[in-house]
Amino acid sequence: MSSEGQISIVKKDRIRMYMRIIANNLKDTERLGKIIAKCIGKGTVICLDGELGVGKTALTKFIAKEFGVKGNITSPTFTIIKEYAGKLPFYHMDVYRIDSEDDMYDLGYDEYIYSEGVTVIEWADLIKGILPEERVNIEIKRIDDTKREINIEGKGLIFEKLVSELSNENTIN
């Protein structure tokens, strides 16, 4: 993160915690994407939420690039799911146009989520009832044209690894 970036870790209860990151610019978001990519592995589910145009796809691109995905990552708004090759299969979902959680099963949702790959889901809050318990939730909020507040919470080993990596990042504070 830039020298002006901020991070805070707050315990929500005995089990969960969340992190709040201020990304001052796109470079900070790229750095976060690289850190996330270092932490993910087989079966990882990353859920992204935030307003239109806030940077969900940009963060996905940075994660994918660092994870070894070649080519251009675009939002799968109309196709719902795009598959890419990286260190592991990389699945990018955009569920903005899904009418119900049941529609996800018609698309083979569980075959992606419980696969050997990594799944990033934009607008994940729309299908929260069928998301796996162990996942990383990232909410992005616009502060101004370039600055974002990024809130990260979750449960499981990948989330714990991410908290550890972000906590050790000297460049964040």
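Good morning. In which helix is K56 found? K56 belongs to helix α2, which covers residues 56–66. Please bear in mind that the structure before you is a predicted model.

Let us stay with K56 for a moment. This residue is buried, yet it has no salt bridge. The nearest side chain of opposite charge belongs to E122, at 4.9 Å. Setting aside neighbours within four places in sequence, K56 is in contact with several residues, among them L48, D49, E122 and W123.

I turn now to the salt bridges. How many are there by this rule? The count comes to six, and I shall present some of them.

In one, the side chains of R20 and E149 meet, with N and O 3.3 Å apart. The pair links distant parts of the chain, for R20 lies in strand β2 and E149 in strand β8, 129 residues apart. R20 is partly exposed, at 31% relative accessible area, whereas E149 is buried, at 16%.

Another salt bridge joins K38 and E165, whose closest N and O atoms are 3.4 Å apart. Here helix α1, which holds K38, is linked to helix α5, which holds E165, across 127 residues. Both partners are partly exposed: K38 has a relative accessible area of 45%, and E165 has 26%.

Finally, K42 and E116 form a salt bridge, at 3.6 Å from N to O. K42 sits in the loop between α1 and β3, and E116 in the loop between α4 and β6, 74 residues apart. K42 counts as exposed, at 57% relative accessibility.

Thank you for your attention.

Note on methods: Residues are numbered from 1 along each chain as its sequence is written. This is a predicted model: local features need pLDDT of at least 70, side-chain atom pairs count only at pLDDT 80 or more; totals for chains, interfaces and linings use all residues. Side-chain values use heavy atoms; hydrogens and water are left out. Helices (H or I, at least four residues) and strands (E, at least two) are DSSP runs, numbered from the N terminus. Buried means under 20% relative accessible area, exposed over 50%, partly exposed in between (1.4 Å probe, protein chains only). Lys and Arg count as positive and Asp and Glu as negative; His and the chain ends are not counted. A salt bridge is a side-chain nitrogen of Lys or Arg within 4 Å of a carboxyl oxygen of Asp or Glu. Contact means heavy atoms within 4.5 Å.
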